[in-house]
Protein chains: 2
Amino acid sequence: MYRTHTCGELRLENQGNEVTLAGWVQRKRELGGMTFVDLRDRYGITQLVFDENSSDAITSQLKKLGREFVIQATGLVRERSSKNKNIATGEIEIDVKELKVLSPSVVPPFTIEDESDGGDDIRMKYRYLDLRRTPVRENLILRAQMAHAVRSYLNEQDFIETETPVLIKSTPEGARDFVVPSRMNEGEFYALPQSPQQFKQLLMVAGFDRYYQIVKCFRDEDLRADRQPEFTQIDCEMAFVEQEDVLSTFEGLTKYLFKAVKNVEITDFPRMPYSEAIANYGSDKPDTRFEMLIKDISEVVKGKDFKVFDDAEFIGAISAEGCANYTRKQLDALTNWVKRPQVGAKGLVYVKCNEDGSYKSSVDKFYSQEDLQQWASICNAKAGDLILVLSGDKSAMLYALGALRLEMGKQLGLMDKNTFKPLWVVDFPLLEWDEESQRHYAMHHPFTSPKAEDIHLLDSEPGNVRANAYDLVINGVEIGGGSVRIFDSELQAKMFSLLGFTKEEAEAQFGFLMNAFKYGAPPHAGIAFGFDRLVSLFAGLDSIRDVIAFPKNNAGRDVMIDSPSPIAIEQLDELSLKLNVKPQDN
Amino acid sequence: MYRTHTCGELRLENQGNEVTLAGWVQRKRELGGMTFVDLRDRYGITQLVFDENSSDAITSQLKKLGREFVIQATGLVRERSSKNKNIATGEIEIDVKELKVLSPSVVPPFTIEDESDGGDDIRMKYRYLDLRRTPVRENLILRAQMAHAVRSYLNEQDFIETETPVLIKSTPEGARDFVVPSRMNEGEFYALPQSPQQFKQLLMVAGFDRYYQIVKCFRDEDLRADRQPEFTQIDCEMAFVEQEDVLSTFEGLTKYLFKAVKNVEITDFPRMPYSEAIANYGSDKPDTRFEMLIKDISEVVKGKDFKVFDDAEFIGAISAEGCANYTRKQLDALTNWVKRPQVGAKGLVYVKCNEDGSYKSSVDKFYSQEDLQQWASICNAKAGDLILVLSGDKSAMLYALGALRLEMGKQLGLMDKNTFKPLWVVDFPLLEWDEESQRHYAMHHPFTSPKAEDIHLLDSEPGNVRANAYDLVINGVEIGGGSVRIFDSELQAKMFSLLGFTKEEAEAQFGFLMNAFKYGAPPHAGIAFGFDRLVSLFAGLDSIRDVIAFPKNNAGRDVMIDSPSPIAIEQLDELSLKLNVKPQDN
């Protein structure tokens, strides 16, 4: 037996017990002829003590001990003279009588402590050492707890967890599919699923009624900041439901998770139309932890000979509380910030609402105190606040104001990681117009149902048709989304034609699902949550990488195992493939 | 709202309630001017009644209704005059006032009933219809329940469910790896895991202490009867444990599953050395639902001038209870059966133990009644039994007798699907000798630890070294297996050299794990259960295909979605690949 207890288990009441512990040497220090070793395992840290009376055998072993050695120690539990209130085992220590090195360690490339001295790259290369650090391990334990809570809730709600295949079919639209050559079927390929979308709809056709799965999905795309080629979804679908049934079920799940995992009560769960989110927050994933709503001041600012505003499609403003004292330097910095290409404004107009009731703006030449007071009134700005104004193309400026709003929220400390504000964004447009290809695309996917009251607009104003589609947003992060599906084949055919598919193309891409719908498809709707993102939100982390045991880097590489990698010619031969690598430019 | 209740929910106490149900038309029949429709959903079947007073609108709808139409019906719950005791809703019916067809159906290609008239191929092509059949859906529900029970037990035991990557690294030994070309890393490939073996060992090095995962694994091999290219494992690993800890933990899981899912109490959970399993059952996965042990009668049958036995390395027998009355025809059939290449015997000798105490054998010329009585005594055969004897090469004949034993068990009805006899097979040989390549292979994998008491044999008699490896066998099915791992790098180096790896080869294949072991590896051990097989055992099914929602056929094809399939040249180009399909022979 390697241990009688874990390193997190012993308390004062165990005093006098002979125990055996095993774990890693966190640190070793000598003090007044005694040697103290902090022994660590997943469950905690226990202090081992070796005194001058230790046997020669122990003493010589002890000399060799370095950080991260795996050892086994037997001894008596005793009360500590100087207690450590910071750890659960801090009242006791082990007076060691027997010591065995189970496994030595070379010096680790970074310190295995809560705050490591290792950079990202080295920690990723030695991920198995990084995972020894308590905060990293705790993120993964949180992930496991959350998965368990999700399953408890959904099982309770009669959902059937069903595994769908990983080796599926590549479709012409699947440009971002990972493909898998088949040895048994020469020249043919499987694809890895970007989501189990069609399978979960088939399960509804199959009468499963309520399906879920916590499932790996795959996308072979250029990885932006916080994407991974493989990621995990909580994937769900329900039959004989309307949008409201889905929202209330998954609102229930979200509340349950917050309560079960973080002991946070969510009482308020607003639904916000997409148009309102864009108008007020400049974003379809508004962070509602703070107000600072975008105000349209176009009406009141025009006609005062300020050409910039007079020529603009849209002039919008936000009011930053208590920022009237911003310096010239701070205002210049903000101006540069909004002019960055990612934000896209041409310039920034400000109005300081001075404590004495007067206004000072960068456009005083054109606007009177009364004018500025009117702006302040629209923006709910009071004395001490700072009004920030952007002008230009409407959708671009709403976006830029949304970004500026978040920046000011950050500067003002309004985005507390322990405050959680979820909401549903609903009534998304059904279609998105693509300038380049001069055609509509489905904003969600081609099976998303239009709102019944908008169906009459499908021919006349397709761009104004709203969808029965919804996103769950928490603290400005899109956690999940879904839609009510079309289950009527005529409406589906109409959608395909709106999306510019010929009948043959629709058949080639969606044939097996369309075929299934001929045999009695129930009304159904579904949703998928990004599980990695949800966990990182709960953990208060910015990156999903921190909640994945073995993540890949921005180039899609696992630097620990050095993958992907070349494979043998024989293996390619067996798969009937040849490399066709383009010559490098010199 | 599509429904107020499900089709499995209403009872007599709901009498008089107005309800709305939705589901599929199971069947429609007319009787005395009334029309009865059995409405089906996942939860049950409810009878709808339409009488002569139905509105014209309803009557015209009703006329069109066919099997598998999806409909919605509103009406009053009333007591049935002729009750159906076979279904939970059999005491009531719905007097329908409103009817709506939600989705029509063309005639399905086979009947959606418990016993379908559809063959395997058509049911697989229309798997979404096959899944509508109650027994098929119930297999999948059982699977979900079992996954849930596995998680409950392991979470309770402090295991952390951790997701390991699906896109991993191809290794030279990974001849059966599925590979995945990377678009971002030109000419390089990921591989899909055959198991998360190395990752779970890394998690032990990382101090996770107890890991599990219900995880998809992949193997690109020629598919025998009951294999799938993607399959699901319950994958586990524990640190600071010895073999006995793993056995008792997973014995606990197995007992828990039987109790929680099937309400079966398993009291007895024997451990059987591999050598004993082979000697008594001719198999390393003995079916212990019945005795009929193999007996070695070599000693007593030799030297009586029967050349076949005199020349044989081994003569073994089993006794089939009550089969002394087998006819000539039955015995000939058995003889042919054992001579099939899969069994591999040269012939069959029998001894009938007649009711009158005499013996009648196929070798009466050589053996006296006393001789035969001696055989019977060794075989525990009594009057009325039939002794079956095979002779030849020892290991081949043990195998053949094991197969014959199972065949007789089947013929005698000794393999009741509702009796469950689990056991651990332990003390497997560490190494397997391969005649063709004239070298040893690891019987489990190269990280399996030899038994401490056999380590001294590693150089002198490597073939006799036993491993700390174990298999869980239930009713003759190998449910899972695992081993204590080597965590000592010297012993590991010795293993690699025994297995004929050069240092470089070992480094190339197992480098990142070996490297991790330098930083303090804890003693650890693990196990993996074949989840598909476990579910099919619980469901009383012979094939794992029946417990997989969307299985592939023997050629690795998903005939429903028609995958794998060719992909576009552009897609190959992007992946820097070219097809290299060999010309077909004509």
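This is a predicted model: local features need pLDDT of at least 70, side-chain atom pairs count only at pLDDT 80 or more; totals for chains, interfaces and linings use all residues.
The predictor assigns the complex an ipTM of 0.94 and a pTM of 0.95. In chain A the average pLDDT is 94, and 98% of the residues score at least 70.

The interface of chain B and chain A involves 125 residues of chain B in contact with 125 residues of chain A. The size of an interface is often expressed as the accessible area lost when the parts come together. Here the area buried between chain B and chain A is about 11,000 Å², with 58% of it given by carbon and sulfur atoms. On the chain B side, B:Glu163, B:Phe240 and B:Tyr519 lose the most area to chain A, together accounting for 7% of what that side buries.

Polar groups also meet across this interface, where 65 residue pairs are in polar contact and 14 salt bridges are found. One of the salt bridges links B:Glu574 to A:Arg176, with the closest N and O atoms 3.0 Å apart. Helix H4 of chain B (residues 134-156) supplies the largest share of the side of chain B that touches chain A, eight residues.

Within chain B, strand S3 covers residues 44-50; six of its seven residues are buried, so the strand is largely enclosed by the rest of the structure. Strand S2 of chain B (residues 34-41) runs antiparallel to S3(B) and is joined to it by seven bridges. The two form a hairpin with two residues between them, and B:Thr35 stands opposite B:Phe50 of S3(B). S3(B) also pairs with strand S5 of chain B (residues 92-103), in parallel and through two bridges. In this pairing, B:Leu48 has B:Ile94 of S5(B) as its bridge partner.

Note on methods:
Residues are numbered from 1 along each chain as its sequence is written. Chains are lettered from A and ligands numbered from 1 in the order in which they are written. Side-chain values use heavy atoms; hydrogens and water are left out. Buried means under 20% relative accessible area, exposed over 50%, partly exposed in between (1.4 Å probe, protein chains only). Helices (H or I, at least four residues) and strands (E, at least two) are DSSP runs, numbered from the N terminus. Two strands pair if DSSP finds at least two bridges between them. pLDDT is the predictor's confidence in each residue, from 0 to 100. Contact means heavy atoms within 4.5 Å. Buried area is the accessible area (1.4 Å probe) that two parts lose on being put together, summed over both. A salt bridge is a side-chain nitrogen of Lys or Arg within 4 Å of a carboxyl oxygen of Asp or Glu. A polar contact is a pair of N or O atoms within 3.5 Å; within protein, one must be able to donate a hydrogen and the other to accept it, and residues adjacent in sequence count only if both atoms are side-chain atoms.
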